[in-house]
Amino acid sequence: MTTRDSNSQGNTNPQTTGAALLTQLGPLMKSLFLGSLAALAVGLAGWACAAEPADAIYINANVITMNDAQPRAEALAVKDGKILGVGSRADLESTLMGKSTHMIDLAGKTLLPGFLDAHSHYINALSLAGQASLYPPPAGPGKDVPSIVAELRKFAEEHNIPKGELIMAYGYDDTVMPDGRLLNRGDLDAAFPDNPVRVDHISMHGTVLNSLALERFGFDANTPTPDGGIIVRKPGTNEPWGLIMETAFLKIFANTPPLTPGQEVDGTRAAQRMYASAGITTAHEGATHLDQLEIMKRAAAAGGNTIDLVTYPFMTDVEKILAVFPVSDWEKYEARVKIQGIKITIDGSPQGRTAAFTTPYLTGGPSGQEGWKGQLFASQEVINQVLKKAYDLGVPVTFHVNGDAAIDAMLKAHEFAAGDELTRYRNVTAIHSQFLRKDQIAKYVRYKIRPSFFTLHTFYFADAHIANRGREQAMYISPMRDAIDAGLHPTNHTDAPVVPLDQMLMLWTAVNRISRSGMEIGPDQRVTPLEGLKAMTIWVAEQYGEQDIKGSLEPGKLADMVVLSDDPLKVDPMKIADIKVLETIKEGTSVYKNAGQ
C-alpha cells in the first residue's frame with residue numbers, strides 16, 4: 001500500500017482542514033453542515049446504485065463488518081465480486097435491488113469477512129490426503145507409541161501400500177507421550193520391516209525415520225550433525241535413532257518424491273477446500289522453496305485455485321526464485337497466487353526444544369544435552385545479511401522466532417539492516433513470537449514489527465511449555481493483550497499442519513487461554529472476541545498490504561465472506577469453539593458449504 005508523508009510541502013491534509021472548518025462553525029451551523037453532507041452522500045449513493053443493481057443482496061443477516069465506523073448491519077449487497085453496499089435491508093432493497101438481483105436469506109446467521117490465514121504451511125496440505133494423521137487427542141489418535149503404530153498399520157492396510165513404498169504420517173507429538181516413552185527407529189522397524197517410514201513431528205521442524213527411511217534419505221552413523229541441526233543417536237552408539245530436526249531435516253525435504261501433475265491439481269483442490277471449510281478466503285504458504293512455488297503456479301494455471309494464496313520464499317531459495325520470478329512480479333496476484341516477501345527462520349520449536357532461549361531448558365535438549373538453551377538456525381551474520389538483502393529488495397519480511405534469544409537475534413538483524421532508518425515501516429512480521437519478553441514489545445513498537453501469535457499453544461502445548469520453560473515463562477506465551485495495549489495490531493495463526501485448521505478454536509484460545517488439561521494459561525493476556533476477530537481479519541489484511549480490499553465488509557472491498565452458525569461476539573466465550581462454518585464465499589461465489597447444516 002502506497003503512503004505519502006503528510007508533512008510534505010504543498011500537501012494539504014483534508015482531515016486537518018475539515019477539522020479546522022468545523023471548529024470555526026457554531027453548533028447550529030455545524031449540525032446543518034454535517035446533515036447536508038450526510039443527505040448528499042445518501043442521495044449520491046442511491047443514484048449510483050440505481051444505475052447498477054446488485055447481483056445479490058444478503059438479507060436477514062447478522063453482519064459483523066470489522067469496520068469500526070459501521071460495526072454491524074443487517075444486509076449486504078454484492079456486485080461483480082465486490083461489496084456494493086452495507087446497511088439495512090430496507091435501504092439496500094430500495095437503492096440496489098433490480099429485476100435480476102438474487103436475494104439470499106441468511107435467516108439470522110452471522111456474516112463476517114472471510115478469515116485471512118496469517119501463517120500456515122499450505123504446500124503441505126497438497127499431500128496430506130496421502131498421509132496418516134497422528135495428532136494426539138482430541139485432534140487425533142496418537143496418544144502413545146502403540147496407538148501411533150496401530151494407526152500406521154491401519155493406514156497402510158486401508159491404502160494397500162505395497163512393500164518398498166514410503167509410508168508418511170504427520171502430527172506426532174512427543175510432548176504428550178506417557179512416561180517419556182518416545183517413538184524411535186526400533187518401533188517403526190518392528191512394525192514395518194519392508195517399508196521406509198517417515199513420521200513428521202508436530203512442530204513441522206523434524207521427523208522420525210525407520211531404518212529403511214534413514215538409508216533412503218542418507219543418514220547413518222557417519223553422518224555429521226549439521227550446524228543448527230539435531231540427529232538423535234541410539235544410546236551408547238553413533239547410530240541415528242530416528243528423530244531428525246531443524247537443518248538436518250532440510251536434507252529430507254530435498255529428497256522427498258515430487259507430486260505427479262495429476263496429484264498437483266487434485267491436491268490443490270483438496271487443500272483449498274480444506275482451507276475454505278475453515279472459513280479461510282486467503283491462505284498462507286510460510287516457507288516456500290522454488291519447486292513448491294512452481295507447483296503452486298502450475299496448479300493455479302490449471303484452474304485449481306478457488307481462494308487466494310500468499311507465499312513467502314524461504315531464505316535458502318531467494319536467489320533461485322528471483323532468477324525465475326523477478327521481484328517486479330512480487331506483491332501482485334496472478335491466478336490467485338502472490339509472492340509476498342521473504343521468510344527468515346531464526347530458531348526452532350519450543351515444544352521440540354529447539355527454540356533459542358537466553359536461559360536453559362528445565363528438561364535438557366532433544367538428545368539429552370545439559371544446560372541446553374536451543375540454538376539459532378543460522379549465525380547472526382547470516383541472518384543479518386539475509387535481512388539486508390530483503391530490505392534492499394524492498395519486499396515484506398516474515399521471521400520465524402519462538403524463543404527470546406531468537407527474538408533478540410531478529411532485533412539485532414533489524415538494527416544492522418535498517419541502518420539509520422530503524423523506525424521506517426517495512427511490513428515486517430515476527431511469526432510466532434511465542435516467548436516474547438515484555439521489554440522486547442517496546443522494540444516491536446519502535447521498529448514497527450508486527451507479531452503474529454500462535455495462541456493455540458495455550459491449548460495444545462501449554463503443559464509441555466510449563467515442563468520445559470517453567471510456569472512463569474509459560475504463562476506469558478503469545479502475550480496478545482500486552483501487544484494490543486502497546487498499540488500493535490497482532491495477527492493470529494494455526495501454523496497448520498502443526499495443528500489442524502480450526503479458526504474458531506484459534507479464536508477461543510485467544511479469548512479464553514485454557515489448556516487441554518483445563519488450566520488457565522496467562523489469563524491477563526486474554527483479549528476480547530472482537531480483538532480476536534480483528535487478529536484474523538483486518539489486521540491480517542494489513543500484514544498482506546491488502547487492507548484496502550480485504551479484512552472488513554465495506555463498499556468497494558472484495559466480497560470475501562464467511563457465514564457462521566452463531567455470533568462470536570454474543571455467545572458465551574467458552575462456546576466460541578462450537579461455532580460452525582456454514583459457508584465460505586470468495587468474491588461473491590460460494591466455495592464451500594457445510595453439508596451437515
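Reader: Which strands does helix H10 lie across?

Author: Helix H10 (residues 290-301) lies across S15, strand S16 (308-313) and S17. The helix runs at about 150° to S15. Angles here run from 0 to 180 degrees between N-to-C directions, with axes as lines fitted to C-alpha atoms, for helices over the stretch in contact. Contact means heavy atoms within 4.5 Å.

Reader: Where do the numbers come from?

Author: This is a predicted model, where local features need pLDDT of at least 70, side-chain atom pairs count only at pLDDT 80 or more, and totals for chains, interfaces and linings use all residues. Residues are numbered from 1 along each chain as its sequence is written, and side-chain values use heavy atoms, with hydrogens and water left out.

Reader: OK. What is the order of the open sheet with parallel pairing?

Author: The order is S8-S15-S16-S17, so the sheet has 4 strands. Two strands pair if DSSP finds at least two bridges between them.

Reader: Which strands stand at the edges there?

Author: Strand S8 (115-116) and strand S17 (337-339). Each has a single partner strand, so one side of each is left without a neighbour in the sheet.

Reader: How many bridges join S8 to S15?

Author: 2 bridges, and the strands run parallel. S15 covers residues 280-288. Leucine 116 stands opposite threonine 282 in S15.

Reader: Now the mixed sheet. What is its strand order?

Author: That open sheet of 4 strands reads S5-S4-S1-S6. The edge strands are S5 (82-87) and S6 (102-105), and each pairs on one side only. Neighbouring strands are turned by 20° against each other on average, direction ignored.

Reader: Which helix packs on this sheet?

Author: Helix H3 (residues 89-96). H3 touches strand S1 (56-59), S4, S5 and S6. The direction of H3 makes about 130° with that of S5.

Reader: How many bridges pair S4 and S5?

Author: S4 (residues 75-79) and S5 pair over 5 bridges, in the antiparallel sense. The bridge partner of alanine 77 in S5 is glycine 85. Lysine 79 stands opposite lysine 82.

Reader: What about the turn of that hairpin?

Author: There are 2 residues between the strands of the S4 and S5 hairpin. Aspartate 80 takes a positive phi near 50° there.

Reader: Switching topic. How many bridges join strand S7 to S23?

Author: 4 bridges, and the two run antiparallel. S7 spans residues 110-113. Proline 113 stands opposite methionine 561 in S23. S23 is also joined to S24 by 4 bridges, again antiparallel. In that pair, valine 563 stands opposite glutamate 583 of S24.

Reader: Which way do the S23 residues point?

Author: Met561 and Val563 point one way from S23 (residues 561-564), and Val562 and Leu564 point the other way. They are all buried. Buried means under 20% relative accessible area, exposed over 50%, partly exposed in between (1.4 Å probe, protein chains only).

Reader: Why does valine 581 count as buried?

Author: Because its relative accessibility is 10%. Valine 581 is in strand S24 (residues 581-586).

Reader: What does valine 581 touch?

Author: Leaving out residues up to four places away in sequence, the contacts of valine 581 include Ala276, Ala278, Val563, Leu564 and Tyr592. The C-alpha atoms of valine 581 and methionine 504 are separated by 8.6 Å. These two residues are 77 apart along the chain.

Reader: Now the histidines. Is histidine 432 buried or exposed?

Author: Buried, with a relative accessible area of 2%. Histidine 432 sits in strand S20 (residues 428-432). Beyond four places in sequence, histidine 432 touches residues including His119, His400, His493 and Asp495.

Reader: And where is histidine 205?

Author: In the loop between strand S11 (197-201) and strand S12 (206-209). Histidine 205 counts as buried, at 13% relative accessibility. Neighbours within four places aside, histidine 205 is in contact with residues including Ile244, Glu246, Asp347 and His400.

Reader: Last one. At what angle do the axes of H13 and H14 cross?

Author: Roughly 30°. The axes of H13 (residues 404-418) and H14 (residues 438-447) come within 11 Å. Among the residues making the contact are Ile407, Leu411 and His414 of H13, and Gln440, Lys443 and Tyr447 of H14.
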